Amino acid sequence: LHLRVKQHCANAQKVAEWLEANDMVSWVNYPGLKGDKYHALAQKYMNEGRTSGVIAFGLKGGRAESIHFMDNLKFIAIVTHVADARTCILHPASHTHRQMTDEQLIEAGVAPDLIRLSVGIEDVDDIINDIDQALKQ
């Protein structure tokens, strides 16, 4: 586990930075990013700057664009796992909370465009390449 966590966090940092720089992404929440509201706390309390293997982000275009993105992933598994060795992703608005309207999602604290990415230990370029090709579809 101690080896996996290092890789989860290192990969997640690179993916979060890539997402933050991508014009199709509207927002990224990841404590390893300097602009994140929890960055200072993560640096203070997390071991060696390892913050997390989980990234939350949203796409420009909202719920519809997020669904389209999810439909075009090829490498990343669409499942509800966290800390799996493989990269897993979930769009709650079209999966676990699909019965809710956008208004109900917001009331429940779930953004309609929210995508939760649990970054695995695969080669980070494979992860980024899958996200990139799905965004370009």
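Which residues touch the most other members of the largest nonpolar core? In this predicted model, they are V15, V28, I55, F57, F69, L117 and I131, out of 25 residues in that core.

## Basis of the model

The model is predicted: local features need pLDDT of at least 70, side-chain atom pairs count only at pLDDT 80 or more, and totals for chains, interfaces and linings use all residues. Residues are numbered from 1 along each chain as its sequence is written, and side-chain values use heavy atoms, with hydrogens and water left out.

## The nonpolar cores

A nonpolar core is a set of buried Ala, Val, Leu, Ile, Met, Phe, Trp, Tyr and Cys residues joined through side-chain atoms within 4.5 Å. Buried means under 20% relative accessible area, exposed means over 50%, and partly exposed lies in between, with a 1.4 Å probe and protein chains only. The largest core has 25 residues. At least two of its residues come from each of α1 (2-21), β1 (25-29), β2 (54-59), α3 (62-71), β5 (114-118) and α5 (124-136). These labels follow DSSP runs numbered from the N terminus: helices are H or I runs of at least four residues, and strands are E runs of at least two. The most is given by α5, with 6 residues.

A second, separate core has 6 residues, including A93, M100, L105 and V110.

## The sheet

The 5 strands form an open sheet with mixed pairing, in the order β1-β2-β5-β4-β3. Two strands pair if DSSP finds at least two bridges between them. The edge strands β1 and β3 each pair on one side only.

Strands β1 and β2 run antiparallel and are joined by 4 bridges, with V28 opposite F57 in β2. V28 also touches A16, L19, E20, L33, D36, I55 and A56, among others, not counting residues up to four places away in sequence. Here contact means heavy atoms within 4.5 Å.

The pairing of β2 with β5 is antiparallel over 5 bridges. V54 has S118 as its bridge partner in β5, I55 stands opposite L117, and G58 stands opposite L114. On β4 (residues 88-90), I89 also stands opposite L117 in β5; β4 and β5 pair in the antiparallel sense over 3 bridges.

Burial is marked in two of these strands. In β2, 5 of the 6 residues are buried, and the strand is mostly covered. In β5, 4 of the 5 residues are buried, so the strand is largely enclosed by the rest of the structure.

## Helix packing

Helix α1 lies across β1, β2 and β5, and runs at about 15° to β2. Axes are lines fitted to C-alpha atoms, for helices over the stretch in contact, and angles run from 0 to 180 degrees between N-to-C directions.

The axes of α1 and α5 come within 10 Å and cross at roughly 30°. That makes α1 roughly parallel to α5, a label for angles under 35 degrees; over 145 is roughly antiparallel, 65 to 115 roughly perpendicular, and the rest oblique. The contact joins N11, K14, V15, W18 and L19 of α1 with V124, I127, I128, I131, D132 and L135 of α5.

## A buried loop residue

Is N72 buried or exposed? At 17% relative accessibility, N72 counts as buried. N72 sits in the loop between α3 and β3 (77-78). Not counting residues up to four places away in sequence, N72 touches Q133, A134 and Q137.
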